[in-house]
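The sequence and model come first, and the text follows.

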Amino acid sequence: MNIAERLSKLRHVKSIYLKELAVYLKVSVGTMSNYERGIHQPSLDTLCQLADYYGTTTDYLLGRISHPAPHVCESSKTEEENLQLREKIFFDTAGMSESNLQVLDLIINTLKHYEIRIDPKK
């Protein structure tokens, strides 16, 4: 599997849109699409950012090792469970004050940026 295939696979595993990743990397959606289609290669800085974002190594992205970090591709929840959780969060925010919604938006953006993981077994 080449870097383009790995980038595409990781993005689909995380269920994110090209636009979200492009904003994080500060590149255009077209550039991100070109990375995933193998038309262009990311710079070394961008490669490091991608590895950090996905919680894996540059060696994995470059094909030097065959497995990403274990937590990248494993999910304890099914797609349906994740959808139900998103719906619950949506309905739980009904009636929140504007200031609390802004705080929640800040928390969500922080989680997206740092991809904080919680071990469900604890």
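## Helix H2 and its two sides

Lys19 and Val23 are exposed on the other side of helix H2, away from the buried residues of that helix, which are Leu18, Leu21, Ala22, Tyr24 and Leu25. Helix H2 spans residues 18–25. After H2 comes Lys26, with a positive phi near 60 degrees.

## The chain as a whole

The model is predicted. The chain holds 8 helices and 0 strands, and its pattern along the sequence reads α-α-α-α-α-α-α-α. It has 122 residues, of which 25% count as buried. Among contacts in the chain with a separation of 6 or more, 55% come from residues 24 or more positions apart.

## Helices H1 and H3

Two packed helices are described by the angle between their axes and the distance between the axes. For helix H1 (residues 3–14) and helix H3 (residues 29–37), the axes come within 6 Å and cross at roughly 115 degrees. H1 contributes Ala4, Leu7, Ser8 and Arg11 to the contact, and H3 contributes Tyr35, Glu36 and Arg37. Sorted by class, the contact of H1 with H3 has 3 nonpolar, 1 polar and 3 charged residues.

Glu36 is part of helix H3. Is Glu36 buried or exposed? Its relative accessible area is 13%, which is under the 20% cut-off, so Glu36 counts as buried. Leaving aside residues up to four places away in sequence, Glu36 touches Ala4, Leu7, Ser8, Arg11 and Leu18. Ala4, Leu7, Ser8 and Arg11 belong to the H1 side of the contact with H3, while Leu18 is one of the buried residues of H2.

Asn34 also lies in helix H3. With a relative accessible area of 15%, Asn34 is buried.

## Aromatic pairs

The count of aromatic pairs comes to 3. Two of these pairs are set out below.

| Pair | Distance between ring centres | Angle between planes | Type |
|---|---|---|---|
| Tyr53 and Tyr54 | 5.3 Å | 80 degrees | edge-to-face |
| Phe90 and Phe91 | 5.2 Å | 80 degrees | edge-to-face |

The planes of Tyr53 and Tyr54 stand at 80 degrees, over the 60 degrees required, and the pair is therefore edge-to-face. Tyr53 and Tyr54 are both buried. Ring pairs join Tyr24, Tyr53 and Tyr54 into a cluster, and Tyr24 is among the buried residues of H2.

The rings of Phe90 and Phe91 also form an edge-to-face pair. Phe90 is exposed, at a relative accessible area of 57%. Phe91 has a relative accessibility of 58% and counts as exposed.

Terms used
Residues are numbered from 1 along each chain as its sequence is written. This is a predicted model: local features need pLDDT of at least 70, side-chain atom pairs count only at pLDDT 80 or more; totals for chains, interfaces and linings use all residues. Side-chain values use heavy atoms; hydrogens and water are left out. Axes are lines fitted to C-alpha atoms, for helices over the stretch in contact, and angles run from 0 to 180 degrees between N-to-C directions. Helices (H or I, at least four residues) and strands (E, at least two) are DSSP runs, numbered from the N terminus. Contact means heavy atoms within 4.5 Å. Ala, Val, Leu, Ile, Met, Phe, Trp, Tyr, Cys and Pro count as nonpolar, Asp, Glu, Lys and Arg as charged, and the others, Gly among them, as polar. Buried means under 20% relative accessible area, exposed over 50%, partly exposed in between (1.4 Å probe, protein chains only). Rings of Phe, Tyr and Trp (its six-membered ring) pair if their centres lie within 6.5 Å; planes under 30 degrees apart count as stacked, over 60 as edge-to-face and the rest as tilted.
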